[in-house]
Amino acid sequence: MRKHITAAASAIAIALPAANAVAAATRSTAATVTPKKKVVTVTKTVKGTQIQAQEWGYIEVTLVVKKTTTTVGTKTTVARKITSVSVPIYPNHTNRSVFINQQALPMLEHEALAAQFTGGINMISGASDSSDAFIQSLQAALLAGKRA
Amino acid sequence: MLGTLPGTRRVEQIMGMPIVLDVRDEHVGDDVVQGVFDWFRWVDSTFSTYKDDSEISRLNRGILALRDAHPDVVEVLDRCERLCVETDGYFDVHAASADELDPSGLVKGWAVDRAAALLDAAGLRNYAVNAAGDMRLRGRAVPELHWRVGIQHPLEPDRVARVLDTTDLAVATSGEYARGAHVLDPHTHRPPSGILSVTITGPDLATADAYATAAFAMGAGRATHWTARLHGYEAMTILADGSVLSTPGFGS
């Protein structure tokens with residue numbers, strides 16, 4: 001069954017310190033240069049400094065940057081790619097910030113309603129109350145549980 | 001055929017619902033089984049809103065004062081009040097009538113929790129107590145297998161929407177498909193919309209059942225956000241559009 005994560009996104013805080021964090025990323029180390037063609041890949045995790053996000057509190061962005069240095073003879077090209085962005089410190093110091101984070105953070109797994117047969121089941125949880133169908137399905141489940 | 005399973009199984013109709021006791025320990029005393037069903041009958045006689053001489057009926061008629069009620073009645077009503085606050089009023093003993101208490105929504109789960117405590121005290125370690133689809137599980141169905149609990153499919157009576165392979169858990173489901181519109185949003189006095197069922201799992205059935213009732217009454221718009229922030233309880237909500245939203249720990 002296919003699953004994906006649904007989250008109510010709160011993008012409010014993410015944009016602000018990105019420039020700062022990218023600046024930190026560019027300071028990562030250079031690759032070794034050799035005469036022949038050589039590709040060196042360095043992956044670094046870099047943190048932006050904590051930044052006051054207006055009245056919402058402090059946030060801090062962490063980037064994972066992959067730096068690929070390709071050397072052919074004397075020519076060197078460098079490519080940097082951001083492979084992930086995360087916000088490890090959430091603004092929490094005002095009631096409004098806490099409210100926004102509570103709205104944003106709960107994660108729910110989302111899938112389509114499926115219908116399965118009741119084989120091998122011991123019990124059924126449902127809002128069936130006193131219906132005869134419930135007793136019948138329960139007995140069937142008990143028997144199926146026996147066979148499982 | 002069932003005789004080859006260890007333990008004992010018994011179903012009785014009490015409180016207007018089938019109550020199933022399924023014990024899988026090798027040795028189960030008849031007195032323990034009898035004690036569990038005697039307990040449910042006492043709960044029915046004390047809490048039923050259908051029996052004129054129950055304590056709840058007498059409280060509602062004003063001929064019994066709360067200070068004279070049984071301590072269990074006081075405890076249940078107190079928990080109902082706290083759950084009402086905790087669920088923003090969506091679990092409400094006055095949902096059906098402003099003038100009358102109806103704690104039935106908590107009594108079933110609470111009675112099953114106490115039945116589980118009776119079984120624990122008797123030294124039993126592998127059992128299920130299921131009251132009309134809301135249950136407490138402990139241990140294993142057979143030594144090599146956990147309990148397998150199907151969550152009723154809301155639209156196909158002979159199917160299940162999900163199977164939980166589980167142990168030591170309470171499972172409660174609230175939904176609309178069994179008796180028609182019997183759960184009302186206490187704020188609007190109308191049936192909730194866009195939602196078919198809510199299943200809650202956790203350590204305590206009374207709480208899980210109250211949460212399931214409250215979340216279902218909230219309707220599709222609010223239920224999933226509310227269940228996502230519960231502590232110690234997990235949720236699976238089936239919406240009318242055929243989507244199923246589960247908290248990350250549901251079924252694990």
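Helices (H or I, at least four residues) and strands (E, at least two) are taken as DSSP runs numbered from the N terminus, and the expected span of a helix is 1.5 Å times one less than its number of residues. The structure is a predicted model, in which local features need pLDDT of at least 70 and side-chain atom pairs count only at pLDDT 80 or more, while totals for chains, interfaces and linings use all residues. Residues are numbered from 1 along each chain as its sequence is written, chains are lettered from A and ligands numbered from 1 in the order in which they are written, and side-chain values use heavy atoms, with hydrogens and water left out.

Chain A contains 3 helices and 7 strands, arranged from the N terminus as β-α-β-β-β-β-α-β-β-α. Of its 148 residues, 34% are buried, where buried denotes under 20% relative accessible area, exposed over 50%, and partly exposed the range in between (1.4 Å probe, protein chains only). A contact is defined by heavy atoms within 4.5 Å; among the contacts of chain A with a separation of 6 or more, 57% involve residues 24 or more positions apart. The accessible surface of chain A is about 8700 Å², with 58% belonging to carbon and sulfur atoms (Shrake-Rupley method, 1.4 Å probe; for residues, only the protein chains shown count as cover).

The confidence of the prediction for chain A is expressed by pLDDT, the predictor's confidence in each residue on a scale from 0 to 100. Its mean is 62, and 34% of the residues of chain A reach 70 or more. Among the elements of chain A, the lowest mean pLDDT (40) is that of helix 1 (residues 18–25), and the highest (88) is that of strand 7 (residues 123–125). Over residues 1–30 of chain A the pLDDT is below 50, and this stretch has 57 contacts in the model beyond near neighbours in sequence. Where pLDDT is low, the predicted coordinates should not be read in detail.

Chain B comprises 6 helices and 10 strands. Buried residues account for 56% of its 252 residues, and 55% of the contacts in chain B with a separation of 6 or more link residues 24 or more positions apart. Chain B exposes about 10600 Å², of which carbon and sulfur atoms supply 50%.

Helix 5 (residues 205–218) of chain B has 14 residues, which at 1.5 Å a residue should span 20 Å; the end C-alpha atoms are 20 Å apart, in agreement with this value. Because 13 of its 14 residues are buried, helix 5 of chain B is largely enclosed by the rest of the structure. At the start of this helix, a side-chain oxygen of Asp204(B) comes to within 3.3 Å of the backbone nitrogen of Ala206(B). Just after the helix, Gly219(B) adopts a positive phi of about 85°.

When residues up to four places away in sequence are not counted, Phe40(B) touches Ile14(B), Met15(B), Ile19(B), Ala111(B), Val112(B), Ala115(B) and Val129(B). Helix 1 (residues 30–47) of chain B has 18 residues and reaches 26 Å from its first C-alpha to its last, close to the 26 Å expected.

Arg9(B) lies in strand 1 (residues 8–14) of chain B. The side chains of Arg9(B) and Asp22(B) are joined by a polar contact of 2.8 Å (a pair of N or O atoms within 3.5 Å; within protein, one must be able to donate a hydrogen and the other to accept it, and residues adjacent in sequence count only if both atoms are side-chain atoms). The side chain of Arg9(B) also reaches the backbone oxygen of Pro6(B) at 3.2 Å.

Most residues other than glycine have a negative phi. Ala132(B), in the loop between strand 3 (127–131) and strand 4 (134–138) of chain B, has a positive phi near 50° and is buried, with a relative accessible area of 2%. Asp168(B), in the loop between strand 6 (160–166) and strand 7 (169–175) of chain B, has a positive phi of about 50° although it is not a glycine.
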